[in-house]
Amino acid sequence: MTRIPSKAEILAWISDHPTKAAKRDIAKAFGIKGAARIDLKRLLKELEAEGKLSKRRSSYRDANVLPPVTVCEVTGPDADGDLYARPLEWSGDGDVPRILMTLRDSDPAMGKGNRFLGRLTEVPGEDYTHTARIIRLIGDNPIRLLGVFRKGAEGGRLIPVDKGSTKEWIIPAGLTGDAQDGELIEAEQAGPKGRMGLPKARVIARLGDPTAPRAVSLIAIQQHGIPDHFPDAVIAEADAKTGAPLGKRKDLRDLPLVTIDPSDARDHDDACYVEAHDNGTFTIWVAIADVAYYVTPGSELDREARKRGNSTYFPDRVVPMLPDVLSGDLCSLHEGVDRACLAVAMTIDAEGNKTGQTFHRALMRSAASLHYEEVQDAIDGNPNERTAPMMDDVLKPLYAAYAALLKARERRQPLELDLPERRIELSDEGEVTSVNFKDRLDAHKLIEEFMVLANAAAAETLIAKQSPLLFRVHEEPNPDKLDALREVVHASGLTLAKGQVLQTAHLNRLLNQARGTDDAELVNIATLRSMTQAYYNAENFGHFGLALKAYAHFTSPIRRYADLIVHRALVSSHGWGDDGLSPTDVERLDETAKSISDTERRSMIAERDTTDRYLAAFLSERIGAEMPGRISGIAKFGVFVKLDETGADGMVPMRSLGNEFFHYDQDSQTLMGSDSGLVIGLGQKVKVTLAEATPVTGGLIVELLEIEGKALPRGSRGGRRGAPVRRRAGSAKKKAAKTKRKIKRTRK
């Protein structure tokens, strides 16, 4: 009968033969054959479970003994300048081994955080346990993970926060970072994944309560798969970039171009200046950071930027399209420093008609980095020490040109929706302190109008030069959505004519009729919902909302890949260099358009989800409070209410409406009580009670108290759960007509 060695004998043999620790090597050493291999496997598993052995692929090693070749991380120099490291994987007893690095002249410079594969030699009797020689460097950007830690008998597991991911990660004992059960953690992959079993990870940061403020945007980033960690090659490529020389560029450094941005802006990708002429005409200069000079086709930076598609903005952080060395420095038009740019000079007459345009590859030097509020204050008669010297030569001409452009805008009639944006303000700890409306100053509108003009000029120029490009496309609303809009506005006593080719002027006429009425917000929301979503395309289908025949994004290449493609097209079509559109760029235009349209939607959803979570956290302390709002949506399963104060959307479940049947009319977007005759329709003013607020999901549940100032009928509150919905009989026209009359009577 084959003798099975003891656990102590197995550990001793592995310690003496660290390079021959596969199961077959152990079996051969002890003469174990046949069915006895099952007993050996059982012993090895027990030793692994006890933490005395660590399995690496198909080999075993003593958990208290470092293998001769180990992946290490530099921890930094000591007071004498000697460089030390630690093993990345250590599950043994006692302190983590301290490793002294023995560097040769040929070794690369190393610093804290660098990782390397090292050959170790044990050194007893010193204040370090081993010395290490570098075999090769290892990238210092391992896979990063976000999830909830669940404690287990031997370490724990990482449960991903992404609802669509079911893959868990094992976190071995010794790599948990003392994380507590239920904590949100950031982790990284610990070694290569084997062919079988779950991958391993190590905790690198404990983020605490997953409902805490700072975790909100991290969850959205992970849940929606937004890349937030630049690969080593991308960082290295960005770090190697330097400022652009003047060369053949047009020298605009004496032109007093200024940037006007939010007060907390970190990057400045557009600058402007206006020359006012004696005959009432203007030359509007718009200069945009020359990102194409730094991000060239086929480079690591280009591949990563294309994959990201755009920057993503959260209340507490930004996930940029480009590394900070570019987005925050070399490509940012900072005050008083030379920066490469693409500039367009556009001439307009006194009525705001564009009469000409020329593009240049240039070098500029921003005269000032201003923010919207101080510019508006200056024009309103309260200049500060920065804006006072610029009033006559810079600021007043900007506003004079804007006044002319407003005349052209009035003739063009782009869609004039009035939907104020809300701004979430956070404390230093990341908690919501207030939710306010974003200001809409003339300074904001001025910059927007200049950017629209420049974007349209880029599209027109590239069409004239027969260059491939990516258009920003916004198609007309489809007939079904327009019919739904007509139902809503007719119920409000307004009209949208049928049987004509729809133009934005028709919609603006409708919005003007609603302005100042109780139905203004409803009509604006319904009009927005009737619109198709804008997207990128290699073909030009025009921009309905802006009432422009051709439109392309040119003004934000730091944060949008589409603008970078347009910049390259301008470089190629003007013969400015060899960093323009590549044959691959042209070949992949359709694919790129689809990809970046998708990443744009991904960012929008992630930003919206994060806002919902912040608002739910902000309101979670006000459970039971009464709040005013408006009906913003009707569905078979309930009613959506937009709260006036915060703009948050709460849901009224159908079960809470009462114990009568509610008939859902899709055509008129209403619910009607079968017994009470109560009509619930879009835009109605309501008072609700906040019943639930769930920060992790961003969900809000509210209960209806009043509709249009009237309490809900008896029997329509607190009824039995699951009140069913029945569809009304009869034609859609009859139903719509009846519900319109009901809504009008209810509102009176």
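A nonpolar surface patch is built from residues with over 30% relative accessible area and no salt bridge, where nonpolar side chains are joined within 5 Å. Keep in mind that this is a predicted model.

**Exercise 1. Find which residues make a nonpolar surface patch of about 210 Å², and place Leu-417 in the chain.**

Step 1. The patch is made by Leu-417, Leu-419 and Leu-528.

Step 2. Now locate Leu-417: the loop between helix H10 (391-412) and strand E22 (422-426) holds this residue.

Step 3. Leu-417 has a relative accessible area of 30% and is partly exposed.

**Exercise 2. Describe helix H11: how far does it reach, and how many of its residues are buried?**

Step 1. H11 covers residues 442-464, which is 23 residues.

Step 2. From first C-alpha to last, H11 reaches 33 Å, close to the 33 Å expected at 1.5 Å a residue.

Step 3. Buried means under 20% relative accessible area. In H11, 17 of the 23 residues are buried, and the helix is mostly covered.

Step 4. Gln-466 follows H11, with a positive phi near 55 degrees.

**Exercise 3. Work out which parts of the chain the salt bridge between Arg-150 and Asp-181 ties together.**

Step 1. A salt bridge needs a side-chain nitrogen of Lys or Arg within 4 Å of a carboxyl oxygen of Asp or Glu. Arg-150 and Asp-181 meet at 3.3 Å, N to O.

Step 2. Arg-150 belongs to strand E8 (residues 144-152), while Asp-181 sits in the loop between strand E10 (169-171) and strand E11 (184-189), so the bridge ties together parts 31 residues apart in sequence.

Step 3. Arg-150 is partly exposed at 41% relative accessible area, and Asp-181 is partly exposed at 46%.

**Exercise 4. Look at the salt bridge between Glu-300 and Arg-303, and say how they are placed in helix H7.**

Step 1. The side chains of Glu-300 and Arg-303 meet at 2.9 Å, N to O.

Step 2. In helix H7 (residues 300-308) the two are three residues apart, so about one helical turn separates Glu-300 from Arg-303.

Step 3. Glu-300 is partly exposed, at 29% relative accessibility; Arg-303 is partly exposed too, at 48%.

**Exercise 5. Find which strands the salt bridge of Glu-706 and Lys-687 links.**

Step 1. Here the side chains meet at 4.0 Å, N to O.

Step 2. Glu-706 is in strand E33 (residues 699-707) and Lys-687 in strand E32 (residues 685-694), so parts 19 residues apart in sequence are tied together.

Step 3. Glu-706 has a relative accessible area of 25% and is partly exposed; Lys-687, at 30%, is partly exposed as well.

**Exercise 6. Examine the aromatic pairs: how many are there, and are Phe-359 and Phe-554 buried or exposed?**

Step 1. Searching the whole structure gives four aromatic pairs.

Step 2. One of them joins Tyr-293 and Tyr-294 edge-to-face, 4.9 Å centre to centre with 90 degrees between the planes. Tyr-293 is partly exposed at 29%, whereas Tyr-294 is buried at 3%.

Step 3. Phe-359 and Phe-554 also pair edge-to-face, at 5.6 Å and 85 degrees. Phe-359 lies in strand E20 (residues 354-365) and Phe-554 in the loop between strand E25 (535-537) and helix H15 (561-574), so this pair ties together parts 195 residues apart in sequence.

Step 4. Both Phe-359 and Phe-554 are buried.

Terms used: Residues numbered from 1 in each chain as written. Predicted model: local features only at pLDDT ≥ 70, side-chain atom pairs only at ≥ 80, totals over all residues. Heavy atoms only, no water. Helix = DSSP H or I, 4+ residues; strand = E, 2+ residues; numbered from the N terminus. Expected span 1.5 Å × (residues − 1). Buried < 20%, exposed > 50% of the residue type's maximum accessible area, 1.4 Å probe, protein only. Patch = residues over 30% accessible without salt bridge, like charges linked within 9 Å, V, L, I, M, F, W, Y side chains within 5 Å. Areas by Shrake-Rupley, 256 points an atom, 1.4 Å probe, with all protein chains shown as cover. Phe/Tyr/Trp six-rings, centres within 6.5 Å; stacked < 30°, edge-to-face > 60°.
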